[in-house]
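Hi there,

Here is the structure I promised to pass on.

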Number of protein chains: 2
Amino acid sequence: MLPDPIKKFADVFSKLPGIGPRQALRLAFYLSSEERALMQEISFATDSMSRVKICSLCFYPHTNTDKLCAICESPARLKNIIAIVEKATDLMSLEKTKRFKGHYLVLGDLGKSGVMETEQKLRLETLKNYISKELGGKAEEIILAINPTAYGDLNASMLQKELAPHTNKLTRLGRGIPTGGEIEFADEETLSAAILGRI
Amino acid sequence: MLPDPIKKFADVFSKLPGIGPRQALRLAFYLSSEERALMQEISFATDSMSRVKICSLCFYPHTNTDKLCAICESPARLKNIIAIVEKATDLMSLEKTKRFKGHYLVLGDLGKSGVMETEQKLRLETLKNYISKELGGKAEEIILAINPTAYGDLNASMLQKELAPHTNKLTRLGRGIPTGGEIEFADEETLSAAILGRI
């Protein structure tokens, strides 16, 4: 009853994070019957994704002809300050602030286990090698730009142990009341952090 | 900062129903950096969707060489009983029961306005033409297999007016307590329907 390409499409799409089998099937039907033009666009957009490479230094995706991304190539960026982020979208968010002039390492989602996957260990090794070869053994500062959640704290302390020998300073992002937020609605932990880190 | 193919992919995907711009961007990054193999699968699955055709009679997607889908072609199905569904997935659900031996018309999502779109009017015309040419002017029964919601009721009454001259009988799906459900938790409307439609 279910046409083969629709089944295949739904199967593949339900492997994506955040997309369930029902939604995937609805999408497949939607595209097959109501939106043929959109189907073409998806086909095209998907094919051009093969042009994306991963920076061999920071692991952010890019389309440069070079092996490195624009940030890693830029002579204007400070080489000895490195922010470690989990996701590429976190890097984007930090870049939008225009307040960070250093380099990055995109580590990949650290999850909830407090242990790194093989790929993540490899990326951390790449950073350590870079520090030892290009920065004379120690970075000036490594910022663990990891979410201030319970699991984030766990992962950050794991990274702290890994990286302490390779940097002079290890920091995390400041905590406090978000701009636009109200003291009344801030939880105790946030408010404690805001008092301790007052500006 | 955002590589072009990733931006394009995210833009296209955020046009899909139920996928927001943030999720689309996360998906694009996920595919570009962590799941290159899955990327290939998506590319392949998307391309093969072009093989899907829409049945010219019931508008269910299929991959037959013929213009008609397997149901419309089958001599075993009753030609003069037609179930009207909104979504292809609704047709699938009804087929799984194996209790319906008639034909279908997939009308497309009727929405909340109580008015049909051009494409939906066209599909209804196809049905009316079929009834007048193949069934001698009147179907035996048309089942409005539309959700028993407030909007569904509105759409059903709109379809009732359209189809009354073309069929001997117009029905909707039975209402009552779902199998496995408990009387205690059934709402008043459902329970009323269950009393009136007792078996």
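How many disulfides does a search of the whole structure find over all chains? The search finds zero, where a disulfide is a pair of cysteine sulfur atoms within 2.5 Å.

Before the details, some housekeeping. This is a predicted model, in which local features need pLDDT of at least 70, side-chain atom pairs count only at pLDDT 80 or more, and totals for chains, interfaces and linings use all residues. Residues are numbered from 1 along each chain as its sequence is written, chains are lettered from A and ligands numbered from 1 in the order in which they are written, and side-chain values use heavy atoms, with hydrogens and water left out.

**Cysteines**

Back to those sulfurs. A disulfide is a covalent bond between the sulfur atoms of two cysteines. For C55(A), the closest cysteine sulfur belongs to C72(A) and is 3.7 Å away, which is too far for a bond. C69(A) has its closest cysteine sulfur in C58(A), at 3.6 Å, and that is again too far for a bond. C55(A) is buried, at 0% relative accessibility, and C69(A) is buried too, at 1%. Here buried means under 20% relative accessible area, exposed means over 50%, and partly exposed is in between (1.4 Å probe, protein chains only).

**Where the two chains meet**

Chain A puts 50 residues in contact with 50 residues of chain B, contact meaning heavy atoms within 4.5 Å. The size of an interface is often given as the accessible area lost when the parts come together. For chain A and chain B the buried area is about 4,700 Å², with carbon and sulfur atoms giving 74% of it. That area is the accessible area (1.4 Å probe) that two parts lose on being put together, summed over both. On the chain A side, M1(A), P5(A) and M49(A) lose the most area to chain B, together 14% of what that side buries.

The rule finds two salt bridges across the interface of chain A and chain B; a salt bridge is a side-chain nitrogen of Lys or Arg within 4 Å of a carboxyl oxygen of Asp or Glu. K15(B) forms a salt bridge with E41(A), and their closest N and O atoms are 2.8 Å apart.

Which elements of chain A give two or more residues to the side that touches chain B? They are α1 (4-13), α2 (21-34), α3 (36-48), β2 (61-62) and α5 (88-97). Helices (H or I, at least four residues) and strands (E, at least two) are DSSP runs, numbered from the N terminus.

**Salt bridges in the whole structure**

Over all chains, the search finds 18 salt bridges. Three of the pairs within a chain may interest you:

- K128(A) and E125(A) meet at 3.6 Å, N to O. Both lie in helix α6 (residues 118-134) of chain A, three residues apart, about one turn of the helix. K128(A) is buried at 13%, whereas E125(A) is partly exposed at 41%. These two and E162(A) are linked in a network of salt bridges.
- K7(B) and D11(B) have their closest N and O atoms 3.0 Å apart. They are four residues apart in helix α1 (residues 4-13) of chain B, so about one helical turn separates them. K7(B) is partly exposed at 39%, and D11(B) is partly exposed at 36%.
- K169(B) and E141(B) meet at 3.9 Å, N to O. This pair links distant parts of the chain, with K169(B) in strand β6 (residues 167-172) and E141(B) in strand β5 (residues 139-145), 28 residues apart.

**One histidine to look at**

H103(A) lies in strand β4 (residues 103-106) of chain A and is buried, at 3%. Not counting residues up to four places away in sequence, H103(A) touches several residues, including I71(A), C72(A) and R77(A).

Best wishes
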